[in-house]
Amino acid sequence: MATPRIVMKLCVAEIRAEPGDVRVITLEHPSRPHLPPFGAGAHVDLHLPNGRVRQYSLMGDEKDRSRYLIGVKREPEGRGGSAWLHDQLALGDILPVSSPRSHFALAPGTSHLLLAGGIGITPLLAMGRRLKETGQHFHLHYFARSRASTPLLSDISQALESRHVSLHFDDEPATQCDLVALLAPRQDDQQLYYCGPAGFMRAISAAAAHWPEEAVHFEAFAAPRDEDFTPEPFTLRLASSGALLPVPAGESALEALRSVGIALPSACENGACGTCECGYLDGEALHRDGVLRPSARANRFIPCVSRAKGTLTLDL
Ligand code: FES
(Lines give C-alpha, C1' and ligand atoms only; values in the text may rest on other atoms or scores of the structure.)
Protein backbone atom coordinates (compact mmCIF):
# COMPACT_ATOMS: atom_id res chain seq x y z
CA MET A 1 0.00 0.00 0.00
CA ALA A 2 1.31 3.48 -0.84
CA THR A 3 2.53 5.56 2.09
CA PRO A 4 0.56 8.77 2.68
CA ARG A 5 2.67 11.77 1.79
CA ILE A 6 3.52 14.81 3.85
CA VAL A 7 1.46 17.81 2.78
CA MET A 8 3.16 21.22 2.98
CA LYS A 9 1.61 24.64 2.66
CA LEU A 10 3.52 26.30 -0.18
CA CYS A 11 3.31 29.84 -1.47
CA VAL A 12 2.70 30.76 -5.11
CA ALA A 13 5.85 32.79 -5.84
CA GLU A 14 5.49 33.26 -9.60
CA ILE A 15 3.00 32.58 -12.38
CA ARG A 16 4.20 32.70 -15.98
CA ALA A 17 2.03 32.34 -19.07
CA GLU A 18 3.27 30.05 -21.84
CA PRO A 19 1.85 29.32 -25.30
CA GLY A 20 -0.78 26.61 -25.58
CA ASP A 21 -2.81 27.89 -22.61
CA VAL A 22 -0.16 26.77 -20.13
CA ARG A 23 0.82 28.43 -16.87
CA VAL A 24 4.13 27.74 -15.19
CA ILE A 25 3.63 28.05 -11.43
CA THR A 26 6.52 28.43 -8.99
CA LEU A 27 5.90 27.17 -5.46
CA GLU A 28 8.09 28.03 -2.50
CA HIS A 29 7.95 27.38 1.21
CA PRO A 30 6.95 30.59 3.00
CA SER A 31 9.71 30.25 5.61
CA ARG A 32 12.05 27.35 4.84
CA PRO A 33 14.84 27.68 2.26
CA HIS A 34 14.67 24.06 1.13
CA LEU A 35 11.87 21.82 -0.04
CA PRO A 36 12.02 18.02 0.08
CA PRO A 37 14.32 16.62 -2.64
CA PHE A 38 12.98 15.13 -5.84
CA GLY A 39 14.35 13.22 -8.80
CA ALA A 40 13.67 13.91 -12.47
CA GLY A 41 10.23 12.55 -13.39
CA ALA A 42 8.70 13.07 -9.93
CA HIS A 43 5.34 14.72 -9.37
CA VAL A 44 3.52 16.43 -6.52
CA ASP A 45 -0.15 16.44 -5.57
CA LEU A 46 -1.83 19.82 -5.40
CA HIS A 47 -4.77 19.86 -2.98
CA LEU A 48 -7.31 22.23 -4.47
CA PRO A 49 -10.47 23.66 -2.90
CA ASN A 50 -13.47 21.29 -2.76
CA GLY A 51 -11.15 18.43 -1.93
CA ARG A 52 -9.83 18.02 -5.47
CA VAL A 53 -6.31 16.61 -5.74
CA ARG A 54 -4.33 16.91 -8.96
CA GLN A 55 -0.87 15.63 -9.89
CA TYR A 56 1.68 17.78 -11.67
CA SER A 57 5.19 16.80 -12.70
CA LEU A 58 8.10 18.83 -11.40
CA MET A 59 9.79 20.42 -14.40
CA GLY A 60 12.48 22.40 -12.59
CA ASP A 61 16.06 21.65 -11.75
CA GLU A 62 16.30 18.95 -9.08
CA LYS A 63 19.43 20.65 -7.72
CA ASP A 64 17.42 23.78 -6.92
CA ARG A 65 15.51 22.84 -3.79
CA SER A 66 14.33 26.38 -3.12
CA ARG A 67 11.26 25.93 -5.34
CA TYR A 68 9.06 23.56 -7.29
CA LEU A 69 8.02 24.41 -10.85
CA ILE A 70 4.94 22.89 -12.45
CA GLY A 71 3.36 23.45 -15.86
CA VAL A 72 -0.44 23.46 -15.96
CA LYS A 73 -2.34 23.30 -19.23
CA ARG A 74 -5.95 24.40 -19.14
CA GLU A 75 -8.04 21.34 -19.96
CA PRO A 76 -11.49 22.51 -21.09
CA GLU A 77 -12.76 18.93 -20.94
CA GLY A 78 -11.12 18.27 -17.58
CA ARG A 79 -12.68 17.96 -14.13
CA GLY A 80 -12.05 21.58 -13.13
CA GLY A 81 -8.62 21.40 -11.51
CA SER A 82 -6.66 23.09 -14.29
CA ALA A 83 -9.40 25.70 -14.80
CA TRP A 84 -9.19 26.61 -11.11
CA LEU A 85 -5.40 26.90 -11.28
CA HIS A 86 -5.72 29.17 -14.33
CA ASP A 87 -8.64 31.31 -13.21
CA GLN A 88 -8.45 31.46 -9.42
CA LEU A 89 -4.89 30.88 -8.25
CA ALA A 90 -3.01 34.13 -7.60
CA LEU A 91 0.47 35.21 -6.54
CA GLY A 92 0.94 34.85 -2.80
CA ASP A 93 -1.76 32.21 -2.41
CA ILE A 94 -0.97 29.30 -0.12
CA LEU A 95 -1.61 25.86 -1.55
CA PRO A 96 -1.34 22.46 0.17
CA VAL A 97 1.19 20.43 -1.84
CA SER A 98 2.39 16.89 -1.16
CA SER A 99 5.99 15.86 -0.94
CA PRO A 100 7.28 14.56 -4.32
CA ARG A 101 6.75 11.02 -5.49
CA SER A 102 7.66 9.17 -8.65
CA HIS A 103 6.52 6.24 -10.72
CA PHE A 104 8.52 7.65 -13.59
CA ALA A 105 12.23 7.77 -12.87
CA LEU A 106 15.39 7.48 -14.94
CA ALA A 107 16.73 3.94 -15.17
CA PRO A 108 20.28 2.74 -15.77
CA GLY A 109 21.04 2.53 -19.48
CA THR A 110 23.65 3.40 -22.06
CA SER A 111 21.26 5.73 -23.90
CA HIS A 112 17.87 7.24 -23.28
CA LEU A 113 15.06 8.15 -25.68
CA LEU A 114 12.59 10.73 -24.36
CA LEU A 115 9.28 11.28 -26.16
CA ALA A 116 6.96 14.09 -25.08
CA GLY A 117 3.50 14.97 -26.38
CA GLY A 118 2.30 18.51 -25.56
CA ILE A 119 2.34 19.28 -21.84
CA GLY A 120 3.80 15.80 -21.27
CA ILE A 121 7.08 17.63 -21.79
CA THR A 122 7.27 18.64 -18.11
CA PRO A 123 8.75 15.46 -16.57
CA LEU A 124 10.86 14.83 -19.68
CA LEU A 125 12.39 18.31 -19.48
CA ALA A 126 13.58 17.48 -15.96
CA MET A 127 14.89 14.11 -17.17
CA GLY A 128 16.72 15.67 -20.12
CA ARG A 129 18.35 18.21 -17.83
CA ARG A 130 19.51 15.45 -15.50
CA LEU A 131 20.84 13.30 -18.35
CA LYS A 132 22.73 16.26 -19.80
CA GLU A 133 24.26 17.13 -16.44
CA THR A 134 25.38 13.57 -15.85
CA GLY A 135 26.87 13.32 -19.34
CA GLN A 136 24.60 10.53 -20.54
CA HIS A 137 23.60 9.83 -24.10
CA PHE A 138 20.02 10.88 -24.78
CA HIS A 139 17.64 12.50 -27.24
CA LEU A 140 14.35 14.29 -26.61
CA HIS A 141 11.60 14.30 -29.25
CA TYR A 142 8.87 16.85 -28.54
CA PHE A 143 5.59 16.47 -30.48
CA ALA A 144 3.07 19.32 -30.65
CA ARG A 145 0.37 20.79 -32.88
CA SER A 146 2.18 23.94 -33.97
CA ARG A 147 5.27 25.91 -33.08
CA ALA A 148 3.17 28.91 -31.98
CA SER A 149 1.14 26.87 -29.50
CA THR A 150 4.02 24.86 -28.02
CA PRO A 151 4.83 25.62 -24.38
CA LEU A 152 8.23 25.67 -22.70
CA LEU A 153 10.39 26.02 -25.82
CA SER A 154 12.53 28.63 -24.08
CA ASP A 155 12.91 26.40 -21.00
CA ILE A 156 14.07 23.59 -23.26
CA SER A 157 16.60 25.74 -25.07
CA GLN A 158 17.97 27.00 -21.75
CA ALA A 159 18.23 23.54 -20.21
CA LEU A 160 19.34 21.44 -23.17
CA GLU A 161 21.56 21.72 -26.22
CA SER A 162 19.86 21.76 -29.61
CA ARG A 163 21.67 18.58 -30.66
CA HIS A 164 19.75 16.75 -27.94
CA VAL A 165 16.31 17.91 -29.08
CA SER A 166 14.04 17.32 -32.09
CA LEU A 167 10.80 19.26 -32.44
CA HIS A 168 7.89 17.82 -34.42
CA PHE A 169 4.88 19.96 -35.33
CA ASP A 170 1.68 18.63 -36.89
CA ASP A 171 1.44 21.65 -39.19
CA GLU A 172 5.07 21.51 -40.39
CA PRO A 173 5.42 18.39 -42.54
CA ALA A 174 9.21 18.77 -42.72
CA THR A 175 9.44 18.25 -38.96
CA GLN A 176 7.24 15.18 -38.72
CA CYS A 177 8.55 11.91 -37.42
CA ASP A 178 7.56 8.31 -38.10
CA LEU A 179 7.18 6.79 -34.63
CA VAL A 180 7.29 3.24 -35.94
CA ALA A 181 10.59 3.92 -37.71
CA LEU A 182 11.96 5.80 -34.70
CA LEU A 183 11.21 2.94 -32.32
CA ALA A 184 11.93 0.02 -34.63
CA PRO A 185 15.61 -0.27 -33.71
CA ARG A 186 16.66 -0.49 -30.08
CA GLN A 187 20.24 -0.11 -29.05
CA ASP A 188 21.46 -2.47 -26.35
CA ASP A 189 20.31 -1.25 -22.97
CA GLN A 190 18.49 1.78 -24.43
CA GLN A 191 15.70 3.13 -22.21
CA LEU A 192 12.46 4.68 -23.48
CA TYR A 193 10.43 7.29 -21.56
CA TYR A 194 7.20 8.87 -22.77
CA CYS A 195 4.42 11.11 -21.51
CA GLY A 196 1.55 12.86 -23.26
CA PRO A 197 -2.14 12.70 -24.12
CA ALA A 198 -4.02 9.43 -24.57
CA GLY A 199 -3.67 9.10 -28.37
CA PHE A 200 0.06 9.80 -28.15
CA MET A 201 0.45 7.19 -25.40
CA ARG A 202 -1.41 4.58 -27.45
CA ALA A 203 0.70 5.29 -30.54
CA ILE A 204 3.98 4.94 -28.65
CA SER A 205 2.85 1.86 -26.78
CA ALA A 206 2.01 0.19 -30.10
CA ALA A 207 5.23 1.30 -31.81
CA ALA A 208 7.34 0.13 -28.85
CA ALA A 209 5.52 -3.18 -28.33
CA HIS A 210 8.70 -5.10 -29.17
CA TRP A 211 10.79 -3.30 -26.51
CA PRO A 212 11.42 -5.22 -23.28
CA GLU A 213 9.06 -4.13 -20.54
CA GLU A 214 11.85 -3.11 -18.19
CA ALA A 215 13.21 -0.64 -20.77
CA VAL A 216 9.91 1.21 -21.23
CA HIS A 217 8.84 3.91 -18.77
CA PHE A 218 5.75 6.07 -19.09
CA GLU A 219 3.44 8.43 -17.27
CA ALA A 220 -0.15 8.92 -18.39
CA PHE A 221 -2.40 11.89 -17.59
CA ALA A 222 -5.27 9.47 -16.99
CA ALA A 223 -6.07 5.80 -17.41
CA PRO A 224 -6.99 4.87 -20.97
CA ARG A 225 -10.74 5.03 -21.55
CA ASP A 226 -12.64 2.10 -22.93
CA GLU A 227 -16.03 3.40 -24.01
CA ASP A 228 -17.34 -0.16 -24.47
CA PHE A 229 -16.57 -1.23 -20.89
CA THR A 230 -19.65 -1.84 -18.76
CA PRO A 231 -18.90 -2.10 -15.03
CA GLU A 232 -20.31 -5.20 -13.37
CA PRO A 233 -20.69 -5.85 -9.65
CA PHE A 234 -17.99 -7.95 -8.02
CA THR A 235 -16.80 -8.94 -4.55
CA LEU A 236 -13.69 -8.10 -2.59
CA ARG A 237 -12.37 -10.50 0.02
CA LEU A 238 -10.04 -8.98 2.60
CA ALA A 239 -7.20 -11.41 3.21
CA SER A 240 -6.55 -10.19 6.75
CA SER A 241 -10.08 -10.86 8.05
CA GLY A 242 -11.75 -12.97 5.37
CA ALA A 243 -14.56 -10.38 5.22
CA LEU A 244 -16.49 -10.18 1.96
CA LEU A 245 -17.33 -6.76 0.55
CA PRO A 246 -19.69 -6.36 -2.42
CA VAL A 247 -18.74 -3.67 -4.97
CA PRO A 248 -21.85 -2.51 -6.86
CA ALA A 249 -21.61 -1.70 -10.57
CA GLY A 250 -21.82 2.04 -9.90
CA GLU A 251 -19.11 2.16 -7.22
CA SER A 252 -15.34 1.76 -7.36
CA ALA A 253 -13.47 -0.72 -5.19
CA LEU A 254 -11.86 2.29 -3.49
CA GLU A 255 -15.29 3.70 -2.60
CA ALA A 256 -16.51 0.31 -1.37
CA LEU A 257 -13.47 -0.01 0.89
CA ARG A 258 -14.04 3.50 2.20
CA SER A 259 -17.66 2.70 3.01
CA VAL A 260 -16.48 0.10 5.54
CA GLY A 261 -13.81 2.35 7.04
CA ILE A 262 -10.81 1.18 5.00
CA ALA A 263 -9.46 4.46 3.66
CA LEU A 264 -6.63 3.73 1.27
CA PRO A 265 -4.66 6.84 0.35
CA SER A 266 -5.77 8.30 -2.96
CA ALA A 267 -5.13 11.33 -5.13
CA CYS A 268 -6.15 11.38 -8.80
CA GLU A 269 -8.86 8.72 -8.49
CA ASN A 270 -8.61 8.22 -12.24
CA GLY A 271 -6.00 5.47 -12.38
CA ALA A 272 -3.02 7.63 -13.27
CA CYS A 273 -0.97 8.29 -10.14
CA GLY A 274 -0.69 4.94 -8.34
CA THR A 275 -1.38 6.41 -4.90
CA CYS A 276 -4.14 3.90 -4.13
CA GLU A 277 -2.16 0.86 -5.34
CA CYS A 278 -2.52 -2.30 -3.28
CA GLY A 279 -1.81 -6.00 -3.66
CA TYR A 280 -4.11 -8.90 -4.43
CA LEU A 281 -3.60 -12.58 -3.79
CA ASP A 282 -6.07 -14.31 -6.06
CA GLY A 283 -8.99 -13.70 -8.36
CA GLU A 284 -9.39 -12.22 -11.83
CA ALA A 285 -8.59 -8.52 -11.81
CA LEU A 286 -9.83 -6.30 -14.66
CA HIS A 287 -7.06 -3.73 -14.81
CA ARG A 288 -8.22 -0.34 -16.07
CA ASP A 289 -5.38 1.89 -14.83
CA GLY A 290 -2.64 3.72 -16.69
CA VAL A 291 0.13 3.18 -14.17
CA LEU A 292 0.94 -0.49 -13.55
CA ARG A 293 3.49 -2.30 -15.68
CA PRO A 294 2.19 -5.50 -17.31
CA SER A 295 4.25 -7.70 -14.98
CA ALA A 296 2.88 -5.90 -11.89
CA ARG A 297 -0.66 -6.74 -12.89
CA ALA A 298 -0.25 -10.31 -11.69
CA ASN A 299 -0.47 -9.16 -8.06
CA ARG A 300 -1.02 -5.39 -7.88
CA PHE A 301 -4.35 -3.57 -8.19
CA ILE A 302 -5.49 0.05 -8.61
CA PRO A 303 -8.84 0.16 -6.78
CA CYS A 304 -9.94 3.63 -7.91
CA VAL A 305 -10.57 2.36 -11.46
CA SER A 306 -9.88 -1.35 -11.73
CA ARG A 307 -12.49 -4.00 -11.15
CA ALA A 308 -12.69 -7.79 -11.05
CA LYS A 309 -14.69 -10.78 -12.17
CA GLY A 310 -16.24 -12.74 -9.32
CA THR A 311 -14.21 -12.41 -6.13
CA LEU A 312 -10.83 -10.73 -5.76
CA THR A 313 -8.80 -11.27 -2.59
CA LEU A 314 -7.04 -8.05 -1.59
CA ASP A 315 -3.87 -8.22 0.46
CA LEU A 316 -5.24 -5.87 3.12
S1 FES B 1 -5.75 7.46 -6.70
FE2 FES B 1 -4.44 7.78 -8.41
S3 FES B 1 -4.34 5.78 -9.24
FE4 FES B 1 -5.84 5.57 -7.71
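Me: A salt bridge is a side-chain nitrogen of Lys or Arg within 4 Å of a carboxyl oxygen of Asp or Glu. How many salt bridges are counted between domain 1 and domain 3?

Reply: The count is zero. Keep in mind that the model is predicted: local features need pLDDT of at least 70, side-chain atom pairs need pLDDT 80 or more, and totals for chains, interfaces and linings use all residues. Residues are numbered from 1 along each chain as its sequence is written, and side-chain values use heavy atoms, without hydrogens or water.

Me: What makes these stretches domains?

Reply: Their bounds come from an automatic or database domain assignment. That assignment gives domain 1 (7-98), domain 2 (111-220) and domain 3 (234-314).

Me: How do you know that domain 1 and domain 3 are in contact?

Reply: Five residues of domain 1 contact four residues of domain 3, where contact means heavy atoms within 4.5 Å. The centres of the two domains, taken over C-alpha atoms, are 29 Å apart. About 370 Å² is buried between them, and carbon and sulfur atoms give 42% of that. Buried area is the accessible area (1.4 Å probe) that both parts lose on being put together, summed over both. In domain 1, Val53, Gln55 and Arg79 lose the most, together 77% of what that side buries. Strands S3 (43-47) and S4 (53-57) each supply at least two residues of that side. Strands (E, at least two residues) and helices (H or I, at least four) are DSSP runs, numbered from the N terminus.

Me: Why is the pair of aspartate 61 and lysine 63 called a salt bridge?

Reply: Their N to O distance is 3.0 Å. The limit is 4 Å, so the pair qualifies. Lysine 63 is exposed at 54% relative accessible area. Aspartate 61, at 24%, is partly exposed. The classes are buried (under 20%), exposed (over 50%) and partly exposed in between, using a 1.4 Å probe and protein chains only.

Me: What makes arginine 130 and glutamate 62 a link between parts apart in sequence?

Reply: Their side chains meet in a salt bridge, N to O 3.8 Å. Arginine 130 lies in helix H2 (residues 121-133) and glutamate 62 in the loop between S4 and strand S5 (68-73), so the pair ties together parts 68 residues apart in sequence.

Me: Why does arginine 101 have no salt bridge?

Reply: The nearest side chain of opposite charge, glutamate 277, is 5.4 Å away. Arginine 101 is buried, in the loop between strand S6 (94-98) and strand S7 (111-117). The arginine 101 side chain makes a polar contact with the side chain of threonine 275 at 2.9 Å. It also reaches the backbone oxygen of glycine 274 at 3.2 Å. A polar contact is a pair of N or O atoms within 3.5 Å; within protein, one must be able to donate a hydrogen and the other to accept it, and sequence-adjacent residues count only if both atoms are side-chain atoms.

Me: How do you know whether isoleucine 25 is buried or exposed?

Reply: Its relative accessible area is 0%, so isoleucine 25 is buried. The residue lies in strand S2 (residues 22-28). Beyond its neighbours within four places in sequence, its contacts include Val12, Tyr68 and Leu85.

Methods
Lys and Arg count as positive and Asp and Glu as negative; His and the chain ends are not counted. Buried area is the accessible area (1.4 Å probe) that two parts lose on being put together, summed over both.
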